Amino acid sequence: MLLSIRSLSKEFPGTKALQGVDFDLAAGEVHALLGENGAGKSTLIKCLTGAYRRDAGEILLDGAPIDPASTAEAQALGIGTVYQEVNLLPNLTVAQNLTFGREPRRFGMVDRKAQSAKARELLAQYGIDIDVERDLGAYSVAIRQIVAIARAVEISGKVLILDEPTASLDAAEVKMLFSIVRKLREQGLGIIFVSHFLDQVFELSDRLTVLRNGRKIVTERTRDIDRLRLISYMLGRELEETAREQRTASNSKDQKPMLRFEQLGCKGVIEPFNLEVGKGEVIGLAGLLGSGRTETAELIFGVRSASTGAAEDDTGKISHGNPREAIAAGFGFTPEDRKVDGIVAELSVRENIILALQARRGWAAPLSRAEQERLAEHYIRLLDIRTSSADKPVGELSGGNQQKVVLARWLAMNPRFLILDEPTRGIDVGAHAEILRLINEITREGMAVLLISSELDELVAACDRVIVVRDRRHVAQLSGERITSEAIVHAIAQPGAASHTEAA
Amino acid sequence: MGQTFRRITPQLVTLALVVLLVTVFFPNFLAVSFDGTRFVGPVVDVLKRSAPVALLGVGMTLVIATRGIDLSVGTVMAISGAVAAWAITSGYGLVGAVGLAIGAGLLAGLWNGCLVAIVGIQPIVATLILMTSGRGIAQLITEGRILTFSDPNLAFAGSGSVLGVPFPTILWIATAVVVALLMRRTALGMLIEATGINRAASALAGVNATVLLIAVYMASGFCASLAGIVATADIRGADANNAGLWLELDAILAVVIGGNSLLGGRFSIAGTMIGALIIQTINTGIMLSGFPSEYNLVIKAVLVLIILVLQSPNLAADWLFLKSMLKARRANVRSETP
């Protein structure tokens, strides 16, 4: 075995993050590491890369025990890591990034020619031919990802850890990345692959290990396991029927719509569209990245100002020119990038949950501490937010739990129209199913939801109506029985559309 | 209350150590006596002289909590002082003079706040504009001279005392308490912290970040105007060139020594106030201890450096690590010796 982990344990105040976990990685294999949020994947990886010190257990690399105290030490030992949010410097050139810390020198100065030549040579092994003198930030996430891999392999060269490498890539880029990973596998590297995308796990990995609540559940050859069994290992329960539930909200059709947006649009951002929202309705918004999905949401919530159009409900015109007005009109919005636009990382879970409510009440009418605690406790229980305390800074929670906190913030406002932009991106299967269940629940009480998602299954499962957006235009609308993955893909890929679909 | 106390414990310990250090060189430092009308003694002097920095520190804490900084406060002190002196000599009376001086401070804050929150200029640059140009404005008001006055009512703000306690002391403590209560008894404190940590997310949650930012800079201008009135009243004259000179840096230092992060977010006004006291204790202590005056700034710099190094979170981690190492070694020794 290239890498063996024996009964690894790591404890944090209040939680046992890892309990006696075993893990083996052979040279020339891709080993997928799976588990829900908080299962211990990140902790395991951080123990490997020296970001955390383990409490107990041993790690053997090529049969020799190692104990990396820093990422630099782990790299020197041969363990390189590439993270989802690429850990490179976007304002340096590609060549500088690739040779950072080991620049070729001439008379004590950095030899730029040799630096560029070396960078080109490195990237050529991956079949990439780009201008290495340009800033890394000028390239797509996929290229940055490959540069990060090239750097990690160059420095370390035994074990490569890929932590959610595909989260922000489209289908073609994923294909390119996978061919590179396969090539590295043939060269004899051991690769640990962490991903929430089960399709990708089945496509790429040779073996997989499932963690749950800090314990190892199973290690199996990927071809010996099927999807249903894998999911039940991850969730620790038999999977419920995930087929499309016959939603009951369709009666809203007969009634007058609750909200009407007419000719809402913004020059150069999205063409004017009409949208009617019924009570308790779930409207899906499908389309490729950059097609105008998020822009639609931003216009409705007043994040961008509309150049045309108006909104009205039964009582008359509504103004929604900025988020405060939109909130006053009873709208809510959970943005796509929860880290940047959603959570306030250093404030507690409690403060994050009450933030919108407090902002609406105004500074002079503070919620009492008792009321805050009651609300926080209520939503922590309702949404099953995993946190040791309501006073823990929200930045310390895992991604799925952060998403639930942002959701709780809006549920506490009891809006009539909630916009969810990619609510399940980057979160695990369990939280995923829970959020879909939650959408179902809140709409039963009359709240309407606009669900933006790249995952067609999700739209098919949750929506009463799906609007397809393409090239900054609302191009099609599907409802009832006509909502199927095929129909959505078909609508997205109408003549002139790109040949690959990110959502598929 | 317990939480607040725990938060400022390092600052209290530091203050105690500084006082102890000063007492070693000047044993009578803690002696306080009553001379018939007021308390006198080095400690009373520290409490009085820390007024300008403490007042500036109150506003600066709020500005820094929003991830900003206000470099103009020293200049705003000069402007407000000049306005007060000009108004009192022009016959506007005490209320008029104080009102106009505070108005000038609020106006300066409004200007800074609009540049930061609406125009979107980085706070350090936006407030630098007023920091450099403001002294010119103050000079225009005083017509380039030191504008003196003799009104005893205004002079009271600098040298008067109530129940034996210097008025400046009462003013800064009262301002700090009122502002701290306003922050924590209402939701202002949390909203300011949320804006400082993540303005985009706060705005999406409906927090009126723009108004909040402007208000914070106006609060800073208000505090600076109070400090300006005290400084002017103390010397019975407005010196446009020297009033509040470099005090913005002492105010920032007080915030930092008070344990507040320059990156914004969580803040403690109590921490800043102790920071201001630490700075003034060092200033007064150096003078009292009788070192040649050319050493003053060097000694102050060394002490501040020591304090900041001791408070750095990196060092705290190292300290914990060292402690656990020692513990482990001791345990080893014990297990080896039967």
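Student: Which helix is Glu434(A) in?
Tutor: Glu434(A) sits in helix α15 of chain A, residues 429-444. Helices here are DSSP runs of H or I at least four residues long, strands are runs of E of at least two, and both are numbered from the N terminus. This is a predicted model, where local features need pLDDT of at least 70, side-chain atom pairs count only at pLDDT 80 or more, and totals for chains, interfaces and linings use all residues. Residues are numbered from 1 along each chain as its sequence is written, while chains are lettered from A and ligands numbered from 1 in the order in which they are written.

Student: And why does Glu434(A) count as partly exposed?
Tutor: Because Glu434(A) has 16 other C-beta atoms within 10 Å. With C-beta atoms placed from the backbone, buried takes 20 or more others within 10 Å, exposed takes 12 or fewer, and partly exposed is in between.

Student: How far is Glu434(A) from Ile452(A)?
Tutor: Their C-alpha atoms are separated by 17 Å, and the two residues are 18 apart along the chain.

Student: What does α15(A) lie across?
Tutor: β15 and β20 of chain A, running at about 155° to β20(A). For angles, lines are fitted to C-alpha atoms (for helices, over the stretch in contact), and values run from 0 to 180 degrees between N-to-C directions.

Student: Which sheet holds those strands, and in what order?
Tutor: An open one of six strands, β18-β19-β20-β15-β21-β22 of chain A, with mixed pairing. Two strands pair if DSSP finds at least two bridges between them. The edges are β18 (331-334) and β22 (473-479) of chain A, each pairing on one side only. From one strand to the next, the twist averages 20°.

Student: How does β15(A) run against β21(A)?
Tutor: Parallel, with four bridges joining β15 (282-286) to β21 (465-470) in chain A. One of the bridge pairs is Ala286(A) with Val468(A) in β21(A).

Student: Which strands does helix α9 of chain A lie across?
Tutor: Helix α9(A), residues 293-301, lies across β15, β18, β19 (417-421), β20 (448-452) and β21 of chain A, at about 150° to β19(A).

Student: New spot: what does β16(A) pair with?
Tutor: β16(A), residues 308-313, pairs with β13(A), residues 259-266, in the antiparallel sense over five bridges. β16(A) is also joined to β17(A), residues 316-318, by three bridges, again antiparallel. β16(A) and β17(A) make a hairpin with two residues between them.

Student: Where does Glu312(A) come in?
Tutor: Glu312(A) of β16(A) stands opposite Arg260(A), and its bridge partner in β17(A) is Lys317(A).

Student: Zooming out, what's chain A made of?
Tutor: Chain A has 17 helices and 22 strands. Its C-alpha atoms fill a box of roughly 75 × 50 × 50 Å along the principal axes. Of its 504 residues, 47% count as buried.

Student: Why does the radius of gyration agree with a compact globule?
Tutor: Because a compact globule of 504 residues would come out near 23 Å, and chain A has 24 Å. The radius is taken over C-alpha atoms, and the globule rule is 2.2 Å times the number of residues to the power 0.38.

Student: How many residues of chain B touch chain A?
Tutor: 20 residues of chain B are in contact with 23 of chain A; contact means C-beta atoms, placed from the backbone, within 7 Å. On the chain B side, α9 (188-197) and α10 (199-204) give two or more residues, and α9(B) gives the most, with six. By class, that side has 12 nonpolar, six polar and two charged residues. Ala, Val, Leu, Ile, Met, Phe, Trp, Tyr, Cys and Pro count as nonpolar, Asp, Glu, Lys and Arg as charged, and the others, Gly among them, as polar.

Student: Last one: is α12(B) mostly covered or mostly uncovered?
Tutor: Mostly covered, as 10 of the 11 residues of α12(B) are buried. The cover includes α1 (2-25), α3, α4 (73-89), α6 (123-142), α13 (269-288) and α14 (296-311) of chain B.

Student: At what angle do α3(B) and α12(B) pack?
Tutor: About 65°, with the axes of α3(B) (51-65) and α12(B) (247-257) 8 Å apart. Their contact has 10 nonpolar, two polar and two charged residues. Just after α12(B), Gly259(B) takes a positive phi of about 85°.

Notes
Contact = placed C-beta atoms within 7 Å.
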